[in-house]
Amino acid sequence: MVRVFINGYGNIGKRLASAFSHDKEIQFVGIGKYSIDDRVDEAFAKKFAVYVPEQKIPDFRQRGYDISGTISDAVKESDLVIDAAKDGFGYTNKVNFYIPMNKSAIFQGGEDRTGEKKVADIIHNSRINYDKVANQKYVIQGSCNVSGMGRIMQPMIEKFGDKIQRYDVTLIRRWADLEDTKDVKDSIEWDKNPHHQEDVKSFLPSVKLYVESYKVPSRMMHLHQMTIRFKNKIPYFDSLSDIYHEEFGVAVLDKANGTADIRLKARELGFEHDDTNMVHLHEETMRKSDDTLKILYSDDQTGIVIPENHLLFQSMMFGRPKNMAYEHTDSLFQISKKRDMLEKEFNT
Ligand SMILES: NC(=O)c1ccc[n+]([C@@H]2O[C@H](COP(=O)([O-])OP(=O)(O)OC[C@H]3O[C@@H](n4cnc5c(N)ncnc54)[C@H](OP(=O)(O)O)[C@@H]3O)[C@@H](O)[C@H]2O)c1
């Protein structure tokens, strides 16, 4: 059994904890919490062991919380830490805890791969470089947008390869997650230098990819408009299902009008945390014109990276063959079943 600690219990950390605590291959050490708020009660209600920074133990105990120990204790007890800290804090955690205690760690997409605060040399995307992260000590799980782009681009590359000239992607990103308490600002903000382009190119170095990114006042999913320019006429295919039918974590939907339709359907269907854990291609918006294919897909920002972390964990800790890892992740997250349910809801 591998002992796993989730350091950080925000939007991503709480989802990681829900999933990893149910995996029978894992001895779940607990979660790291830094502030006293409703999420502490949530963690105790789920019977997770809660670890906090040493200096905060008196505050937590004074409020009646039965704290299991310090962050340092939890890291010491673990074989792998999944760091789910606020952007940038993963680096501090690596320097203060993971390196001195010689522990493996997975970092999230808000951490750096280059520069002074880099935490790892490689960004994982299960569809592309699952095998390359086997037995690595430090790896970044690509962010939601980066995970989604890889999941859509790699099947295109495998099917049409050198017939494709370039990809242009416009990311339309939600302002805040559903659970966030911060206000949604009434503005459309542009990103002068979206990190997603270089992140994707780190695992798909030979593609010509150009990314623009805008943040909009929504709490629902992200939407990606991808334009694929071919060298000649678009090769024939009938439906996006011809390309994505067998793809793990890709649903091909018709008849959804927007990102909220899908998020609210996930809630109605009882999916945990209202997550679909996948990307959803919107077939009815596909446009073909001579050499140019335009596709639109929504990306479950909070959900998609959780099974990706679980796949990455299996490669790092067990070096397990990819098809077996997909099977194990599917049994935990029920992604194929959820995809079938969504396709039934939106395609009939
Ligand atoms: N939200 C998304 O949709 C999404 C999707 C993909 C990837 N990501 C990435 O996932 C990471 C976490 O994002 P998030 O949305 O979960 O953020 P979040 O909701 O703001 O949660 C961040 C958590 O970090 C905790 N924290 C503070 N200092 C810490 C430390 N030194 N070590 C560990 N944890 C610490 C905070 O604890 P307290 O609350 O107790 O202070 C908070 O619970 C980021 O890298 C982000 O870019 C986010």
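Me: Where does Gln-334 lie?

Reply: Gln-334 sits in the loop that links helix H12 (322-333) and helix H13 (335-347). Keep in mind that this is a predicted model.

Me: What is the value of phi at Gln-334?

Reply: Start with the general idea: most residues other than glycine have a negative phi. In this structure, phi of Gln-334 is near 55 degrees, which is positive, and the residue is not a glycine.

Me: Is Gln-334 buried, partly exposed or exposed?

Reply: The relative accessible area decides this: under 20% is buried, over 50% is exposed, and values in between are partly exposed. Gln-334 has 36%, so it counts as partly exposed.

Me: Which value of phi does Asn-135 have, and where does it lie?

Reply: Asn-135 has a positive phi of about 60 degrees, although it is not a glycine. Its place is the loop between helix H6 (126-129) and strand E8 (138-141). With a relative accessibility of 59%, Asn-135 counts as exposed.

Me: How many bridges join strand E1 to E5, and how many pair E5 with strand E6?

Reply: Strand E1 (residues 2-7) is joined to E5 by 4 bridges, and Val-4 has Leu-80 of E5 as its bridge partner. E5 pairs with strand E6 (residues 104-107) over 3 bridges, where Ile-82 stands opposite Ile-106. From E5 the chain passes through H5 to reach E6, and this β-α-β crossover is right-handed. E6 is in turn joined to E8 by 3 bridges, with Tyr-138 of E8 as the bridge partner of Ala-105.

Me: Which way do the residues of strand E5 point?

Reply: From strand E5 (residues 80-83), Leu-80 and Ile-82 point one way, while Val-81 and Asp-83 point the other way. All of them are buried.

Me: What is the sense of the pairing between E12 and its partners E9 and E16?

Reply: Strand E9 (residues 164-174) and strand E12 (residues 222-230) run antiparallel, joined by 8 bridges. There, Thr-170 stands opposite Gln-225. E12 also pairs with strand E16 (residues 292-299) in the antiparallel sense, over 8 bridges. His-224 has Tyr-297 of E16 as its bridge partner.

Me: How many residues surround the ligand, and which are closest?

Reply: List the shell, then sort it by class. Here 23 residues surround the ligand, and the closest are Lys-33, Ser-35, Asp-87, Asn-93 and Asp-177. The shell has 8 nonpolar, 10 polar and 5 charged residues. Helix H1 (11-20) and helix H5 (89-98) each supply at least two residues of it.

Me: Which atoms of the ligand lie within a few Å of Asn-93, Lys-86 and Gln-301?

Reply: A nitrogen atom of the ligand is 2.7 Å from an N or O atom in the side chain of Asn-93. An oxygen atom of the ligand lies 3.2 Å from a backbone N or O atom of Lys-86. For Gln-301, a polar backbone atom is 3.4 Å from an oxygen atom of the ligand. On its own the ligand has 890 Å² of accessible area, and the protein covers 86% of that.

Notes
Residues numbered from 1 in each chain as written. Predicted model: local features only at pLDDT ≥ 70, side-chain atom pairs only at ≥ 80, totals over all residues. Heavy atoms only, no water. Near = heavy atom within 4 Å. Polar contact = N/O pair within 3.5 Å; in protein donor to acceptor, adjacent residues only side chain to side chain. Areas by Shrake-Rupley, 256 points an atom, 1.4 Å probe, with all protein chains shown as cover. Nonpolar A, V, L, I, M, F, W, Y, C, P; charged D, E, K, R; others polar. Buried < 20%, exposed > 50% of the residue type's maximum accessible area, 1.4 Å probe, protein only. Pairing = 2+ DSSP bridges. Right-handed = clockwise from strand over helix to strand, strands pointing away.
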